[in-house]
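Hi everyone, thanks for making time. I'd like to walk you through one structure today, going from its insides out to its loops. Have a look at it first.

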Amino acid sequence: MDNTMRNIPNYKKIYSDMIAAKYPEKSGVCSKILKKNTLHVLDVIMLNGFLTDHSLTEKDKMNQKLKSYDQETIFKILEYQKKYQLNNIQLARHFKMSRNTVTKWKKLYFSKKLRE
């Protein structure tokens, strides 16, 4: 199924409106991301991090367990790790995920490349 067939939220509009209404003081921090033509999942994660409190509540922890990432986003997260020379624990903390998830992704995608 291509992108024209799926209903994809207009994250750029959603976050622009939310920043204007609730977080006008954070518009400068978010403007670089919002200037992009299209926002990717990683951009949405970063915007959400800029706008929300970084302390996790029980509800946040439960929601975190239900997140899923597409292959493009996984590769961008792993590229971020390489770019900023983070270990798995640091990367997991930055994106509020399990370090085991990062390890699983590396095994899944990098061991696959080695076999080919």
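Okay, let's start in the middle. The largest nonpolar core here has 14 residues, and the ones with the most contacts inside it are Y69, I77, L91, F95, M97 and W105. By nonpolar core I mean a set of buried Ala, Val, Leu, Ile, Met, Phe, Trp, Tyr and Cys residues joined through side-chain atoms within 4.5 Å. Buried means under 20% relative accessible area, exposed means over 50%, and partly exposed is in between, with a 1.4 Å probe and protein chains only.

The largest share, 4 residues, is from α5. The helices are DSSP runs (H or I, at least four residues; strands would be E, at least two), numbered from the N terminus.

Before I go on, a quick word on where this comes from. This is a predicted model, in which local features need pLDDT of at least 70 and side-chain atom pairs count only at pLDDT 80 or more, while totals for chains, interfaces and linings use all residues. Residues are numbered from 1 along each chain as its sequence is written, and side-chain values use heavy atoms, with hydrogens and water left out.

Now zoom in on L91, one of the core residues with the most contacts. What does L91 touch? Not counting residues up to four places away in sequence, L91 touches I77, L78, Y80, Q81, L86 and V102, where contact means heavy atoms within 4.5 Å.

Q81 is on that list, so is Q81 buried or exposed? It's buried, with a relative accessible area of 5%. You'll find Q81 in helix α5. Leaving aside neighbours within four places in sequence, its contacts are L86, N87, N88, L91, V102 and K106.

While we're here, find T101 in helix α7 (residues 99-115). T101 is partly exposed, at 25% relative accessible area. T101 and N88 are 13 residues apart along the chain, and their C-alpha atoms are separated by 9.2 Å.

C30 takes us to α2. Which residues of α2 are buried? C30, I33 and L34. They cover an arc of only 90° around the axis, so they sit on the same side of α2; that arc is taken from the directions from the helix axis to the C-beta atoms. The general idea is that an α-helix has 3.6 residues a turn, so residues three or four places apart point the same way. On the other side of α2, G28 and K32 are exposed.

And what do the buried residues of α2 pack against? That would be α1 (11-22) and α3. Take L34, which lies in helix α2 (residues 27-34) and counts as buried at 14% relative accessibility. Leaving out residues up to four places away in sequence, L34 touches K12, Y15, S16, I19, L39 and L47.

How do the helices line up? α2 and α3 pack at an angle of about 175°, with their axes 10 Å apart. Axes are lines fitted to C-alpha atoms, for helices over the stretch in contact, and angles run from 0 to 180 degrees between N-to-C directions. So α2 and α3 are roughly antiparallel to each other. The cut-offs: under 35 degrees is roughly parallel, over 145 roughly antiparallel, 65 to 115 roughly perpendicular, and the rest oblique. V29, C30, I33 and L34 of α2 meet D43, M46, L47, F50 and L51 of α3.

Compare α1 and α3: their axes come within 11 Å and cross at roughly 10°, so these two are roughly parallel to each other. Here Y11, Y15, M18 and I19 of α1 meet V44, L47, N48 and L51 of α3.

Last stop, the loops. Q85 is in the loop between α5 and α6, and is exposed at 71% relative accessibility. Its phi is near 50°, a positive value in a residue other than glycine. K96, in the loop between α6 and α7, also has a positive phi, near 55°.
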